[in-house]
Amino acid sequence: MTRLILAAALVLAACQEEEAKAPPVPVELTEAALSYFCQMNVAGHGGPKGQIHLESFPAPLFFAQVRDLAAYVKSPERDADIIAIYVSDMGAAPSWEHPGGNNWIAAGSAHFVVGSNVAGGMGAPEIVPFSSAEDASRFAARYGGSVTRFESIPDAAVLGPVDLDQQLETPS
């Protein structure tokens, strides 16, 4: 009987450990969300958004542009370890101006268009995420750029200087 109780306790402990390691779910984007870098209202700007969950932090960091999110990830200066990254699925977005509050996808499974001729919510060139490779390819065919995975986004696309005078499009 003692062995049975010990085995049950070990199974329960293993299940609780697995549960503790599960990444947090994405948080709905509301009017209260402020962008990490500029502290402006995220929902007030068009284009794809992002959120990063950090270990031991109760709320995610929100980003008004996916470009800014990728810059944060590539930066060595962080407050804690990253445990989850979510981006807007622009294939499921109602529109560019209203990218949605609950159409989050894990950045690691997304397909990103890098180098397109579109401006994100803060006016800088944007990196545009999609859950579907086909949607990303169609977007790239229309607005330029190439499709890549999150870990392959070039440093120069997110860490370099931005020319805010260049003519960028707002997708329709």
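Student: Which residue is the bridge partner of Phe-112 in E7?
Tutor: In E7, Phe-112 has Thr-148 as its bridge partner, where strands (E, at least two residues) and helices (H or I, at least four) are DSSP runs numbered from the N terminus. This is a predicted model, in which local features need pLDDT of at least 70 and side-chain atom pairs count only at pLDDT 80 or more, while totals for chains, interfaces and linings use all residues. Residues are numbered from 1 along each chain as its sequence is written, and side-chain values use heavy atoms, with hydrogens and water left out.

Student: And over how many bridges do E5 and E7 pair?
Tutor: E5 and E7 pair over 3 bridges in the antiparallel sense; two strands count as paired if DSSP finds at least two bridges between them.

Student: What's the strand order in that open sheet?
Tutor: The order is E6-E5-E7 in an open sheet of 3 strands, with antiparallel pairing. Strand E6 (128-130) and strand E7 (146-148) are the edge strands, each pairing on one side only, and neighbouring strands are turned by 30° against each other on average, direction ignored.

Student: Which helix packs on the sheet?
Tutor: Helix H3 (residues 133-143) packs there, touching E5, E6 and E7, and its direction makes about 10° with that of E5. Contact means heavy atoms within 4.5 Å, and axes are lines fitted to C-alpha atoms, for helices over the stretch in contact, with angles from 0 to 180 degrees between N-to-C directions.

Student: Switching topic, how many residues are in the largest nonpolar core?
Tutor: The largest nonpolar core has 21 residues, and those with the most contacts inside it include Ile-52, Leu-69, Val-87 and Phe-112. Such a core is a set of buried Ala, Val, Leu, Ile, Met, Phe, Trp, Tyr and Cys residues joined through side-chain atoms within 4.5 Å, and buried means under 20% relative accessible area with a 1.4 Å probe, protein chains only.

Student: Which element gives the largest share of this core?
Tutor: That is H2, with 5 residues. Among the other elements that give two or more residues are strand E1 (50-54) and strand E3 (82-88).

Student: What does Leu-69 touch?
Tutor: Leaving out residues up to four places away in sequence, Leu-69 touches Gly-50, Gln-51, Ile-52, Phe-63, Ile-85, Tyr-86, Val-87 and Phe-150. Apart from this core lies another, of 11 residues, among them Trp-96, Val-113, Val-118 and Tyr-143.

Student: Last one: what percentage of the chain counts as buried?
Tutor: Of the 172 residues of the protein chain, 40% count as buried, and the chain holds 4 helices and 7 strands.

How values were computed:
Buried means under 20% relative accessible area, exposed over 50%, partly exposed in between (1.4 Å probe, protein chains only).
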